[in-house]
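Please load the model in your viewer and keep the selection panel at hand. We will go from one stop to the next, picking out residues as we go.

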Amino acid sequence: MPMYTVVRSDRNPKRSVKKCGGGGVLLYIRNDIKYKVVIKEAAKDFELIAIDLESTGERIIGMYRRPSDVLSSELAETLGGILATKKKLIMVGDINMDTKSMNPLPRRLLAMLEKQFKLKQKVRFITRRESGTTIDHVWTRQHCVCTNLHELGGLSDHEVIAAWTKDVS
């Protein structure tokens, strides 16, 4: 994409449960925005990128977590390290935990995000049409408005989410 820089964390087939190439996460960052990469990680059950914006100090995290009923210790440690900050932050991605379910699994991940790091899931609509689940997330402590971009449908079996944050402090 012209005028954007790409930061990516590609799936490593040697470390992945799926043992196949393809997949990962990426962030498109406008060329005029200065940032520092905090971490790029491709592990057995997740891919993750975290950057800090130099102008605001805000932390942006993009993550994909493979479906599982448990939270791996590697993911818990990685999240613990990057979420333990006083910075404003927003974490987005396909986390494969249905927050609309009465029993969202893994509960340990939900408790970690909500209780330990005081983050709130801002997506309030179904993001995976086939299963009627909300597994794509936007977590933040800030005021945030999320909307479903229906006009971009058809790109995936997941809905496209647009999120806007606004400083209310």
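Start by selecting strand β2 (24–30), which with 6 residues gives the most to the lining of the largest pocket. Strands here are DSSP runs of E with at least two residues, and helices are runs of H or I with at least four, numbered from the N terminus. A pocket is an open set of points on a 1 Å grid over the protein atoms alone, where a 1.4 Å probe fits and protein lies on both sides within 12 Å along at least five of seven lines; lining residues have an atom within 4 Å of a point.

Two notes before moving on. This is a predicted model, in which local features need pLDDT of at least 70 and side-chain atom pairs count only at pLDDT 80 or more, while totals for chains, interfaces and linings use all residues. Residues are numbered from 1 along each chain as its sequence is written, and side-chain values use heavy atoms, with hydrogens and water left out.

Back to the pocket: the space in it is about 1400 Å³, a volume filled by probe spheres set on grid points joined across faces, edges and corners. Besides β2, the elements giving two or more residues to the lining include β6 (89–94) and β10 (161–166).

Next, select Gly93 in β6 together with Ile61: 32 residues separate them in sequence, yet their C-alpha atoms are 8.3 Å apart. Leaving out residues up to four places away in sequence, Gly93 touches Met63, Ile135, Asp136 and His137 (contact means heavy atoms within 4.5 Å).

Is His158 buried or exposed? His158 counts as buried because its relative accessibility is 15% (buried is under 20% relative accessible area, exposed over 50%, partly exposed in between, with a 1.4 Å probe and protein chains only). Show the side chains, and you will find a polar contact of 2.7 Å between His158 and Asp136 (a pair of N or O atoms within 3.5 Å, one able to donate a hydrogen and the other to accept it; residues adjacent in sequence count only if both atoms are side-chain atoms).

Finally, select helix α2 (residues 107–116), where Leu109, Leu110, Met112 and Leu113 are buried. Look down the axis of α2: its buried residues fall within an arc of 160°, so they line one face (the arc is that of the directions from the helix axis to the C-beta atoms). Turn to the face away from that side for the exposed Arg107, Lys115 and Gln116.
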